[in-house]
Amino acid sequence: MRLVLVGPPGAGKGTQAQILTERLSIPKISTGEMLREAADRGTALGIEAKSFTDRGQLVPDEMVLKLVMECLTRFREDEGYLLDGFPRTVHQAEEFDRWLADRGEALDAVVDLEVPSEVIVERLSSRRVCPSCGASYHLVNRPPKVHEVCDECGHALETRDDDRPETVRERLRVYHERTEPVTNYFRQRGLLISVDGQQPVDEVTAIVIRRVAELTASRK
Ligand code: AP5
């Protein structure tokens, strides 16, 4: 199974990616996570990427394409994967399509999580993440058992650098300008599944799994 998860910032891509990779037994590639890890390690790529992410801008296509392709070549051909937050521009989508075609591979589905901007602003202002293990919480919808402490590893939770309100507004603007066209790109190829991301997390997961199964069955 080769899946892509797209949607605006805070739509629940990371939350669903974590659950879906476990339920479907496929590895996950999250470009946002990879870029944050590289920044935390202080690599040249990570430091350069952070200069874009902290301003709510997309990291240049060529940097992201190299990162993703290098990662994908490490997977077994039959293993499948879930891509969280890639492709995020039409250029990335076209280059990725070419890369897949060269290998005789194709995507199974692209899931677009739809959430309105006002809900996103609220979600991201209440998001807390664990800098140690990467677990993500929402202070109201998915609170940790102990306030501001990670359930998984006990580390103090933090607010992501790019979750400041002015950066969230810029991320949303960039999403509408550069990433929304990607959903049309995949819609035209019959791969797009749009899901209402405002429903409870478990319901979103169940709908995604059902709709992906329906789409792949309809091609047989
Ligand atoms: P990335 O980390 O991918 O950020 P994003 O797309 O802005 O998405 P988020 O991680 O903010 O949100 P999410 O959709 O994963 O939501 P989450 O599950 O956390 O990328 C960061 C940056 O890296 C980008 O801005 C860009 O600069 C760069 N980058 C990454 N990929 C790139 C690419 N391909 N090209 C160029 N640049 C790239 O949920 C959010 C909150 O809501 C949480 O608190 C969660 O608990 C809660 N929540 C989730 N689901 C629900 C629900 N159903 N109901 C209620 N609350 C929910």
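User: Which residue lies over the face of Tyr185?
Analyst: This is a predicted model, in which local features need pLDDT of at least 70, side-chain atom pairs count only at pLDDT 80 or more, and totals for chains, interfaces and linings use all residues. Residues are numbered from 1 along each chain as its sequence is written, and side-chain values use heavy atoms, with hydrogens and water left out. A charge sits over a ring if NZ of Lys or CZ of Arg is within 6 Å of the ring centre and within 35 degrees of the ring normal. At 3.6 Å from the ring centre of Tyr185, the residue is Arg189.

User: What is the angle between the planes of Tyr185 and Phe186?
Analyst: Rings of Phe, Tyr and Trp (its six-membered ring) pair if their centres lie within 6.5 Å; planes under 30 degrees apart count as stacked, over 60 as edge-to-face and the rest as tilted. Tyr185 and Phe186 are 5.2 Å apart, centre to centre, and edge-to-face, with an angle of 90°.

User: Is Phe96 buried or exposed?
Analyst: Buried means under 20% relative accessible area, exposed over 50%, partly exposed in between (1.4 Å probe, protein chains only). The relative accessible area of Phe96 is 0%, so Phe96 is buried.

User: Which residues do ring pairs link into a cluster?
Analyst: Phe86 and Phe96 form an edge-to-face pair, 5.4 Å centre to centre with 70° between the planes. The cluster linked by ring pairs consists of Phe86, Phe96 and Trp99.
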